[in-house]
Every structure is written in structure tokens, then in C-alpha cells.
Amino acid sequence: MKFKLGLIALLLIWGSRLDAQESKYIEVTGSAEMLIEPDEFIFVIGIEEYWKEEFEDKKKFEDYKNKVHISDIEGKLLNDLYAIGIDKDAIKSTDVGNYWRYRGKEFLISKRIEITLTDFDRINQMIEKLDRKGIDYMRIGALKHKELINYRKDVKRQALLAAKDKAIYLLETLDKQLGDVISITEIESNNYGWQPEMRLSNAVMDTGNNPSAEVEKKIKLRYEIKAKFEIN
């Protein structure tokens, strides 16, 4: 019985020592971010069917009879895009849908047109030249860069270095030194910080302002890294 009690006491003491050793660490979080000029972006134009009578004075929706079909709207839009120098290969159609606008009227078809561009000045050209009839919205859909993967790696490295530097100066305050790394954890977050939603409706376009100038045109990368280090 004495042996068992002694063994239990020894295990408790040994366990306490292990806990004390394991608790000698510092855990910090480092962050870093970078703004990148995109070398390519996607501009999205939403088009939808409409009634000719909508653009006639003093017409009520009960009188709407002549629908402008989506194929006609898309055809005119494409010709206008070609006329301002947009290459055919840079344009694609996606997301066909329908919706109901007026009670008792037919469903209207909508469509999404995506244009791959490298020059933001093209946005101003489109706002000025395109016929607004049949256009529901325009917005930047995505910003891209061919070296984005490498940029992400660089930002993560900087975040880890920031965590290490933080641990060093905190320990120096206590006259301690940084030991070996125990663990490194990437914190889950919306690190691709720029999610463009520059939506240009007909109402906005009618103001005569230049909405595209107000939009941040850079890709923002931000990462956080949690690191645990031994304390010497």
C-alpha cells in the first residue's frame, strides 16, 4: 500500500513538472498585408428584357405590350462593345435567368455578360458609349494578377516574421529569450480582402458622375499567422 501511494505521489510530481515545462512558451499572432496592382480584371454587365413602352411618356405598365427580347439586347450590346475596340474573345455570356416584374405580364429574361480587360479606362468608355436600355447593372467582378500565388506566399512569410518579432520584443521586456518554434498556424480569414462590388445601375449612371474613379482598383492580400515559441 505504501509503495502504491509512493508511486502515485511520484507520478503526480512528475506530471506537475511536465506541465510546468510545457507551459514555458509564448504564443503570438502576426499579420501582414499587401496591395497589388491587377494586370487583368473582369467587368460584368447585366442585361435584361424590357418593354418599349417603359421609355414612353405617361405609359402605365398595363399598356406594356412590346417586349424587347434578350437576343436583340445582347446583339446590340456586343456590336457596341466591338465598336469601342473590345475584342470578341474577351467577351462571354453566363448566368441566364428569368424574373417577373409586373403582375399579369410575361416573365422577362436576364443575362450576364463578362468582359476580360486590362485597362480601367475601358470602363469609362463603356459608360459613355453603351445604350442603357436593357442594361440592369455594370460592376467589376474580379481583379486578377498572374503572380498572385507568389504574392500570397510573400505575405504569409511576412506575417510569420511579424509574429516572431513580436515574440522577441515581448520576451526582451521580461529578460527572456526566444527558443525554438513549437507550432505555426494560419488563421482562417477572408484574406483576399478586395471583393469588388462596384454596381453601376442606370440611376447611378444618370447622375453623370464617374463612379469608377471611386473604386479601389487594387488587390488587397492580408494574412494572420499564429506562432508558438519556447521560452529560454
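Arg222 forms a salt bridge with Glu33, with 3.6 Å between the closest N and O atoms. A salt bridge is a side-chain nitrogen of Lys or Arg within 4 Å of a carboxyl oxygen of Asp or Glu. The model is predicted, so local features need pLDDT of at least 70 and side-chain atom pairs count only at pLDDT 80 or more, while totals for chains, interfaces and linings use all residues. Residues are numbered from 1 along each chain as its sequence is written, and side-chain values use heavy atoms, with hydrogens and water left out.

The Arg222 and Glu33 pair links distant parts of the chain. Arg222 lies in strand 10 (residues 219-231) and Glu33 in strand 1 (residues 25-36), 189 residues apart. Helices (H or I, at least four residues) and strands (E, at least two) are DSSP runs, numbered from the N terminus. Arg222 is partly exposed, at 31% relative accessible area. Glu33 is also partly exposed, at 49%. Here buried means under 20% relative accessible area, exposed over 50%, and partly exposed in between (1.4 Å probe, protein chains only). Glu33 and Arg222 belong to a network of salt bridges with Lys220 and Glu224.

The structure holds 13 salt bridges. One of them joins the side chains of Lys92 and Glu114, at 3.8 Å from N to O. This pair, too, links distant parts of the chain. Lys92 sits in strand 5 (residues 91-99) and Glu114 in strand 6 (residues 108-117), 22 residues apart. Lys92 is partly exposed, at 49% relative accessibility. Glu114 is buried, at 15%.

Asp154 and Arg157 form another salt bridge, with the closest N and O atoms 2.9 Å apart. Both residues lie in helix 4 (residues 148-173). They are three residues apart, so about one helical turn separates them. Asp154 is partly exposed, with a relative accessible area of 32%.

Helix 2 (residues 70-83) has 14 residues. From first C-alpha to last it reaches 20 Å, close to the 20 Å expected at 1.5 Å a residue. The expected span is 1.5 Å times one less than the number of residues. Buried residues of helix 2 are Ile70, Ile73, Glu74, Leu77, Leu78, Asp80 and Leu81. They lie on the same side of helix 2 because they cover an arc of only 160 degrees around the axis. The arc is that of the directions from the helix axis to the C-beta atoms. The face turned away from the buried side carries exposed Ser71, Asn79 and Ala83. Gly85 follows helix 2, and its phi is positive, near 100 degrees.
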